[in-house]
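Biologist: Could you take me through the helix packing and the cavities here? Please begin with whatever term I shall need.
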Amino acid sequence: MILEKCSGKKKGRGKPVKFKTPYYMIHEQELDENFKKLKDALEKHWNNYIIGYSYKTNALPWVIKHFDLLGCYAETVSEDEYNLAKLIGVGKNHIIYNGPVKTKDSFMEALQNGCIVNIDSQREVEWLEDIEIENRRIGIRINFDIEKMCPGQSQCPEDGGRFGFCYENGELSKIIKKLQEKKVKIAGIHLHTSSKSRGLDIYRAIAEIACKVQKEFELDLDYVDVGGGFFGGLPTKPQFDEYIALMENILSTCFDKTKTKLIVEPGMAVIGAPISYVTSVIDVKDTEFNRFVVTDGTRTSIDPLMTKNSYFHSFDIKSQRDTHPKQVICGYTCMEHDRLFEEKNGPTLQCGDQIIYDKVGAYTMCLTPLFIKYFPDVYVELNGNVKKIRSAWTPNEYVQRSELE
Ligand SMILES: Cc1ncc(COP(=O)(O)O)c(C=O)c1O
């Protein structure tokens with residue numbers, strides 16, 4: 001359903017139109033153009049690949065369906081995500097099933113359906129005994145010392161990551177032996193590594209470990225899954241072509257491109273940049289210390305973990321304004337720290353002005369709490385046309401599946 005034409009253009013995007021705020025706006029063309037760069041890089045450097053879209057990064061139904069239509073597999077890490085993929089019509093073998101918290105039923109079904117299943121726990125190894133030998137086909141998530149290989153770039157520099165079977169202490173070796181005894185086909189290795197840097201060095205390390213493991217254990221692999229964690233859609237950061245070219249150089253020394261697939265599982269890199277969050281000023285208040293500009297948006301919708309100290313943002317202001325030395329932009333919640341940013345010497349904001357936050361598509365909608373207000377509207381814009389793809393939740397959606405007495 002096309003609701004309204006956008007009123008103007010800003011760097012190829014439709015300019016936000018006057019819908020009831022707050023809302024998220026997905027910029028479809030930007031999403032597709034950025035995704036194409038990833039596909040082009042894979043086609044150029046490793047034309048035997050799978051892109052698994054990371055559901056956890058943003059599982060809005062329109063978003064996951066869109067990536068399905070673009071040819072992605074669904075990268076899932078729980079029974080709920082796995083069932084969500086099936087619910088929206090993802091092909092039954094177009095699911096990648098990762099993580100340590102799968103359930104036995106969904107694990108068995110995924111293997112029987114021919115999904116890509118990467119194991120991450122001892123209990124999965126036990127479950128394999130209950131599966132017919134021809135369906136005992138898995139990938140192994142590898143835990144390795146990324147901090148040693150990329151000092152200062154890992155997420156847990158002191159005590160290491162917690163996912164996968166550890167290469168350095170021999171756990172990986174034990175699990176490979178056990179799987180071979182159980183006649184399990186080790187079809188792949190999974191090396192996703194969330195890092196602080198999202199830098200090229202991380203992917204050099206991943207490719208090097210992939211080669212080391214392949215050689216040491218003489219594995220004949222159908223796929224190497226390097227996971228997500230890339231940058232994407234930001235001109236000042238590494239580009240898809242650089243990541244994939246770098247990995248091609250290393251991986252091609254031990255893997256045959258025509259035999260072994262390269263799997264990537266982007267989340268942030270493909271959905272972070274093309275989403276904005278549009279809010280309005282609803283009050284301006286002076287205190288002894290500050291001018292507070294209260295908005296109908298909230299920090300919990302764009303930074304739910306409260307870790308960022310700046311946001312890509314712009315103002316949509318209709319009239320000419322004087323500047324103000326310091327304005328503190330706040331959200332609607334009653335938490336004192338729902339303060340988004342300080343605007344120094346910016347235009348004096350008034351009720352009705354809009355503040356637009358860009359590049360807020362990753363780990364936002366999916367982590368936003370139902371705190372005080374419920375989920376906002378979401379629109380998609382393409383070529384100046386805007387379509388609503390999720391209506392804001394109301395108390396009706398909030399009470400669903402609850403007993404009142
Ligand atoms: C296994 C796996 N794959 C892919 C991703 C997506 O990562 P990102 O959104 O940083 O690209 C994650 C994120 O934690 C992950 O754990």
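Modeller: Angles under 35 degrees count as roughly parallel, over 145 as roughly antiparallel, 65 to 115 as roughly perpendicular, and the rest as oblique. Please note that this is a predicted model.

Biologist: At what angle do helix α3 and helix α4 pack?
Modeller: The angle is about 45°, and the axes of α3 (residues 79-87) and α4 (residues 104-112) lie 10 Å apart. The two helices are therefore oblique to each other.

Biologist: Is the crossing left-handed or right-handed?
Modeller: α3 passes α4 in a left-handed crossing.

Biologist: And which residues make the contact?
Modeller: From α3, Glu-79, Tyr-82 and Lys-86 take part; from α4, Ser-106, Glu-109 and Ala-110 do.

Biologist: How do those residues of α3 and α4 divide by type?
Modeller: Three are charged, two are nonpolar and one is polar.

Biologist: Changing topic: how many cavities of 30 Å³ or more are in the whole structure?
Modeller: The search finds two. The second largest cavity has a volume of about 30 Å³.

Biologist: What lines the second largest cavity?
Modeller: The lining consists of Tyr-53, Tyr-55, Ile-64, Phe-67, Asp-68, Cys-72, Tyr-73, Ala-74 and Val-90. Eight of the lining residues are nonpolar, one is charged and none is polar.

Biologist: Which elements give two or more residues to that lining?
Modeller: They are α2 (61-69) and β6 (73-76). Of the elements, α2 gives the most to the lining of the second largest cavity, with three residues.

Definitions and conventions. Residues are numbered from 1 along each chain as its sequence is written. This is a predicted model: local features need pLDDT of at least 70, side-chain atom pairs count only at pLDDT 80 or more; totals for chains, interfaces and linings use all residues. Side-chain values use heavy atoms; hydrogens and water are left out. Axes are lines fitted to C-alpha atoms, for helices over the stretch in contact, and angles run from 0 to 180 degrees between N-to-C directions. Helices (H or I, at least four residues) and strands (E, at least two) are DSSP runs, numbered from the N terminus. A crossing is left-handed if the near helix is turned anticlockwise from the far one by less than a right angle, and right-handed if clockwise. Contact means heavy atoms within 4.5 Å. Ala, Val, Leu, Ile, Met, Phe, Trp, Tyr, Cys and Pro count as nonpolar, Asp, Glu, Lys and Arg as charged, and the others, Gly among them, as polar. On a 1 Å grid over the protein atoms alone, a cavity is a set of points where a 1.4 Å probe fits but cannot get out, and a pocket is an open set with protein on both sides within 12 Å along at least five of seven lines; lining residues have an atom within 4 Å of a point. Grid points are joined across faces, edges and corners, and a volume is the space filled by probe spheres set on the points.
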